[in-house]
Amino acid sequence: MTDQPPIGHLLDADVLGEAAASSKPGTAEYVLEAVDIHKRYGRNEVLRGVSFGVHRGDVKAVLGPSGSGKSTMLRCLALLEPVDAGEVRLEGRRIGVRETSGRLAALPERVLAKERSEIGMVFQRFNLFPHLTALGNVMIGLTEVRGKSKGEAREIAQTMLARVGLAQRASSYVSELSGGQQQRVAIARALVMNPKVMLFDEPTSALDPELVGEVLAVMEELAREGMTMVVVTHEIGFAKRVADRVIMIDAGAIIEDAPPDQFFGNPQQERTRKFLDAVQ
């Protein structure tokens, strides 16, 4: 797929202009930052003070056992779950809440939807609309959130589907697509919003083994083109090849954060060593 034009070149001037006007790259150290995030469901404390940041253009791979809080962390970063304590910051700006009379309050859904659109999210189970075609799934954010006309949205969506190798399946419904094709539609749907960062929640875990490569190829190309990414994954080879840093989450806390060579070659925590021995 490397013969395709870069992702950023596929969006029309209006989309790029809106993104530039709404938030030009600032002086913040991180594009996306978690600051002491806590999340609890009843008595179960799922996240216990998670803090990390992702520099512009970097790929952060997130590893850890099932039930360690990885997916919950991504959902909090994507503003799909409110945090109980701590902050989510995008380019240095706190998002998801506003301060009113000295107290924090949830944003109105309209404003929250706009903030969410700046953070692309790709789920394990695709989360596509079964009543829409591949093209319709990619268009919907452009028309409903960005306010694009159907004609504009269709043109942008068609180009993005071609970008992920699915130009010929634009009129196919979800049930007519393989798992790998559905996941590539989901990636295209997130990318057309021109997000500042992309979050991937084990994007290959629901795929048959022979379909994993086509999704990883799209993700690796995004990384080469400079997309800022946070990827929860069990694909150790992908993390070694692509990540700038790898973090290990266990029992709702980050216990290791290191460059791939150190993380895989000389982990500092015994829990990390045991996990890697089990999955490699």
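This is a predicted model: local features need pLDDT of at least 70, side-chain atom pairs count only at pLDDT 80 or more; totals for chains, interfaces and linings use all residues.
**Reading contacts, helices and salt bridges**

Reader: Where is Asp201 found, and which side chain of opposite charge is nearest to it?

Author: Strands are DSSP runs of E, at least two residues; helices are runs of H or I, at least four; both are numbered from the N terminus. Asp201 belongs to strand 9 (residues 197-201). For charge, Lys and Arg count as positive, Asp and Glu as negative; His and the chain ends are left out. The nearest opposite charge to Asp201 is Arg75, 6.7 Å away. Asp201 has no salt bridge, yet it is buried. Buried means under 20% relative accessible area, exposed over 50%, and partly exposed in between (1.4 Å probe, protein chains only).

Reader: Which residues is Asp201 in contact with?

Author: Contact means heavy atoms within 4.5 Å. Setting aside neighbours within four places in sequence, the contacts of Asp201 include Ser71, Leu74, Met121 and Val232.

Reader: How many salt bridges does the structure hold?

Author: A salt bridge puts a side-chain nitrogen of Lys or Arg within 4 Å of a carboxyl oxygen of Asp or Glu. The structure holds 20. Take Glu118 and Arg93: their closest N and O atoms are 3.1 Å apart. Glu118 sits in the loop between helix 3 (109-116) and strand 8 (119-122), and Arg93 in strand 5 (residues 93-95), so the pair ties together parts 25 residues apart in sequence. Glu118 is buried, at 8% relative accessible area. Arg93 is partly exposed, at 35%.

Reader: What joins Arg245 and Asp257?

Author: A salt bridge, 2.8 Å from N to O. This pair links strand 11 (residues 245-250) with strand 12 (residues 253-258), and its residues are 12 apart. Arg245 is partly exposed at 33%, and Asp257 is partly exposed at 30%. Salt bridges can also share partners: they join Glu33, Glu87, Arg89 and Arg94 into one network.

Reader: Which residues of helix 5 are buried?

Author: Ala153, Ile156, Ala157, Met160, Leu161 and Arg163. Helix 5 has 14 residues and reaches 20 Å from its first C-alpha to its last, close to the 20 Å expected. The expected span is 1.5 Å times one less than the number of residues. After helix 5 comes Gly165, with a positive phi near 80°.

Reader: How many residues of helix 4 are buried?

Author: In helix 4 (residues 134-144), 8 of the 11 are buried. Among them are Ala134, Leu135 and Gly136. What covers the buried residues includes helix 5 (150-163) and helix 6 (179-191).

Conventions
Residues are numbered from 1 along each chain as its sequence is written. Side-chain values use heavy atoms; hydrogens and water are left out.
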